[in-house]
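Here is a short briefing to read alongside your structure. Keep the view open as you go through the points.

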Amino acid sequence: MIALNTLSPAKGAKHRKIRVGRGVGSGRGRMCTRGMNGQKKRSGEGKMPFFEGGQMSIARRMPKRGFSHEQFRTHYEIVNINSLEAKFDAGTEITKESLKAAGIIKKNGPVKILANGDLKKKFTVKADAFSKTAKAKIEKAGGKAEIIK
């Protein structure tokens, strides 16, 4: 009859653990089956992932492919409608120069007007680009949105 207290592993399945590293007289000698002093026996033995032993890495050996259009992208200075509402009086013609004088933009690059905020004043805004909603909000308030080239 088989019961829980009579179960045991199959013959030969369990091995006696050999206790190594307890002196020269242990029968396992000076290095206790751990080998000679190589790279993995030194202190601080963590290697970077994908480290190839000092050989030039695969990332540097492979040819580079692809292309980035980032260098040709137009980087706009962003101006929101609510900042126009706060800084300028009604009926003003807003240009890049007036935006820079008001401290809204810092650089001399192209300017894009975005529709964040509400507009109640009438402006003539001259910029390099407008979002569709910004243009609609300016025209709804009775102003003009002109694209400069």
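Let's begin at a pairing between two strands: Ile-113 has Phe-130 as its bridge partner in E5. Please keep in mind that this is a predicted model.

**Strand E3 and its partners**
- With strand E5 (residues 129-130), E3 forms a parallel pairing over two bridges.
- E3 also pairs with strand E1 (residues 77-80), again in the parallel sense, over four bridges.

**The E2-E4-E6 sheet**
- Three strands make up an open sheet in the order E2-E4-E6, with parallel pairing.
- Strand E2 (93-94) and strand E6 (144-147) each have a single partner strand, so they stand at the edges and one side of each lacks a neighbour in the sheet.
- E2 and strand E4 (residues 124-127) are joined in the parallel sense by two bridges.
- On the E4 side, Thr-124 is the bridge partner of Glu-93.

- Lys-17, Arg-19, Arg-22, Arg-30, Arg-34 and Lys-41 together form a positive surface patch.
- Arg-22, one of these patch residues, is found in the segment before helix H1 (58-61).
- Arg-22 counts as exposed because its relative accessible area is 51%, and the cut-off for exposed is over 50%.

Key: Residues numbered from 1 in each chain as written. Predicted model: local features only at pLDDT ≥ 70, side-chain atom pairs only at ≥ 80, totals over all residues. Heavy atoms only, no water. Patch = residues over 30% accessible without salt bridge, like charges linked within 9 Å, V, L, I, M, F, W, Y side chains within 5 Å. Areas by Shrake-Rupley, 256 points an atom, 1.4 Å probe, with all protein chains shown as cover. Salt bridge = Lys/Arg side-chain N within 4 Å of Asp/Glu carboxyl O. Lys, Arg positive; Asp, Glu negative; His and termini not counted. Charge placed at Lys NZ, Arg CZ, Asp CG, Glu CD. Buried < 20%, exposed > 50% of the residue type's maximum accessible area, 1.4 Å probe, protein only. Pairing = 2+ DSSP bridges.
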